[in-house]
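This briefing is for a reader new to the structure. Please look over the sequence and the model below, then read the notes by topic.

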Amino acid sequence: MLFQQPLTRAHSVTVRAPGKVNLQLSIGPLRDDGYHHLATVFQAVSLFDDLTVTRSDRLRVRTSGENAAEVPDGQDNLAGRAAALLAARIGVEPLVDISIRKRIPVGGGMAGGSADAAGALVACAALWQADLGDAELLALAARLGSDVSFSLLGGMAIGERRGEALTPLPVRSTQHWVFALADTLLSTPRVFAELDRMRDDTVPEPVRSEALLRALDGGDPVAIGRALTNEAQPAALALAPGMGATLAAGQTAGALGSIVSGTGATCAFLARDEAHARQLAAALEASGTCRAARHAYGPVPGPAVIAVE
Ligand SMILES: C[C@@](CO)(OP(=O)(O)O)[C@H](O)COP(=O)(O)OP(=O)(O)OC[C@H]1O[C@@H](n2ccc(N)nc2=O)[C@H](O)[C@@H]1O
Ligand SMILES: Nc1ncnc2c1ncn2[C@@H]1O[C@H](COP(=O)(O)OP(=O)(O)O)[C@@H](O)[C@H]1O
């Protein structure tokens, strides 16, 4: 059992849930159901949201931290939806206060909402001593959003279909990243719609990048940096052109790879090692092309219980 940590009548459970970056994002044609087939390589990274779930008389969600005002409350919040879905599945009332401390940039292409949903599944499963297997928890995750299954799994994985069909990848090395946080938020459906608008009718099915998988196998950061690709990037740049200057600043400062994270608006820069990442972060902040630059590393495990009361 990967995700469940049964507890005896705890009052509250705190979980730490990581964000993600896509090292490859290949996007097929628009499907009839409004989604796109993907071939992506997800990596969970050390930018974390902390989420505390406490027994209560009703379902509430409160958010604090950067851009908390942009995050909805209650069942519009993905963490609230996750708690309600799990409660319905196991036949209990979703009577919990969920308090989220956000560090993953909101609308940043780093799956913060999905991290919170996955964190809520783990925390509530522990609080309610839910007797579910990993496969069933992953299936609940997939119903909440395309990215939530990976947010639950953590580590590194290939994602296919909507992104929910996962093949875990072995971890051969640690990557050090700098994430340049933007002043703007980007909406995932808007970026996909812009991509569809920019493309002609002959979009091929997405394919896994063998070059990236080989580079990850070898663990050489220079090769990994060269193999980073993101087909959503032109659409994200069309909607948030300011990211162009951020990407250029990272390249000038010596990043091994510079890429929009998912559908943006965060830019991700690969560094040689931790010291190089700290230099890059300082150079990006000095460039004035982003709101802030954060060092993080990956892969890291999925949501983990860090406190029980
Ligand atoms: C693009 C990715 C890449 O990892 O990440 P972000 O940049 O948002 O972090 C994900 O696929 C985002 O996953 P997630 O945020 O869970 O998306 P969902 O809630 O399932 O879908 C939101 C909307 O995005 C579009 N969508 C999402 C996934 C997919 N495979 N095809 C799509 O076209 C659809 O318009 C859908 O209505
Ligand atoms: N717990 C949550 N955290 C962040 N955003 C959430 C959450 N629940 C719902 N949302 C909504 O999802 C939108 C995008 O979520 P987020 O995961 O931060 O970005 P992205 O999809 O770019 O990775 C937000 O603008 C917000 O309206």
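The UniProt annotation "domain: GHMP kinase C-terminal", from an unreviewed entry, covers residues 213-287; UniProt positions are given in the numbering used here, feature names are shortened, and annotations may be inferred rather than shown by experiment. This is a predicted model, in which local features need pLDDT of at least 70 and side-chain atom pairs count only at pLDDT 80 or more, while totals for chains, interfaces and linings use all residues. Residues are numbered from 1 along each chain as its sequence is written, and chains are lettered from A and ligands numbered from 1 in the order in which they are written.

**Annotated spans**

- Residues 213-287 are 60% helix and 15% strand, and the end C-alpha atoms of this span lie 32 Å apart. Helices (H or I, at least four residues) and strands (E, at least two) are DSSP runs, numbered from the N terminus.
- A further UniProt feature, "domain: GHMP kinase N-terminal" (unreviewed entry), is placed at residues 77-155.
- Residues 77-155 are 58% helix and 9% strand, with 24 Å between the end C-alpha atoms.

**Domains**

- The protein chain is assigned domain 1 (12-169 + 299-308) and domain 2 (175-298); such bounds come from an automatic or database domain assignment.
- Between the C-alpha centres of domain 1 and domain 2 the distance is 22 Å.
- The contact takes 31 residues from domain 1 and 35 residues from domain 2, where two residues are in contact if their C-beta atoms, placed from the backbone, lie within 7 Å.
- On the side of domain 1 that touches domain 2, strand 1 and strand 2 each supply at least two residues.
- That side of domain 1 has 19 nonpolar, eleven polar and one charged residues. Ala, Val, Leu, Ile, Met, Phe, Trp, Tyr, Cys and Pro count as nonpolar, Asp, Glu, Lys and Arg as charged, and the others, Gly among them, as polar.

**Ligand 1**

- There are 22 residues around ligand 1, of which Gly 145, Ser 146, Asp 147, Gly 262 and Thr 263 come nearest. A residue is near a molecule or strand if its C-beta atom, placed from the backbone, lies within 6 Å of it.
- At least two residues of the shell around ligand 1 come from each of strand 1 (12-30), strand 2 (36-55) and helix 5 (188-198).
- By class, the shell around ligand 1 has eight nonpolar, twelve polar and two charged residues.
- Ligand 1 lies between domain 1 and domain 2, because both give residues to the shell around it.

**Ligand 2**

- Of the 21 residues around ligand 2, the nearest are Asn 77, Leu 78, Gly 112, Gly 113 and Asp 116.
- Helix 1 (78-90) and helix 2 (112-127) each give at least two residues to the shell around ligand 2, and the largest share, four residues, comes from helix 2.
- The shell around ligand 2 is made up of nine nonpolar, ten polar and two charged residues.
- Domain 1 and domain 2 both give residues to the shell around ligand 2, so ligand 2 lies between them.

- Four strands form an open sheet in the order 9-10-7-11, with antiparallel pairing. Two strands pair if DSSP finds at least two bridges between them.
- Strand 9 (257-260) and strand 11 (292-298) are the edge strands, each pairing on one side only.
- From one strand to the next, the twist averages 25°. Axes are lines fitted to C-alpha atoms, for helices over the stretch in contact, and angles run from 0 to 180 degrees between N-to-C directions.
- Seven bridges join strand 7 (residues 175-181) and strand 11 in the antiparallel sense; Ala 180 has Ala 293 of strand 11 as its bridge partner.
- Helix 9 (residues 242-252) packs on the sheet and touches strand 7, strand 9 and strand 10 (267-271), its direction making about 5° with that of strand 10.
- Helix 10 (residues 274-287) also packs on the sheet, touching strand 7, strand 10 and strand 11, and its direction makes about 15° with that of strand 7.

**Backbone exceptions**

- Most residues other than glycine have a negative phi, and most peptide bonds are trans.
- Gly 264 and Ala 265 are joined by a cis peptide bond with omega about 15°; Ala 265 lies in the loop between strand 9 and strand 10.
- Gly 298 and Pro 299 are joined by a cis peptide bond with omega about -5°, and Pro 299 is in the loop between strand 11 and strand 12 (304-308).
- Ala 111, a residue other than glycine, has a positive phi near 60°; Ala 111 lies in the loop between strand 4 (96-102) and helix 2.
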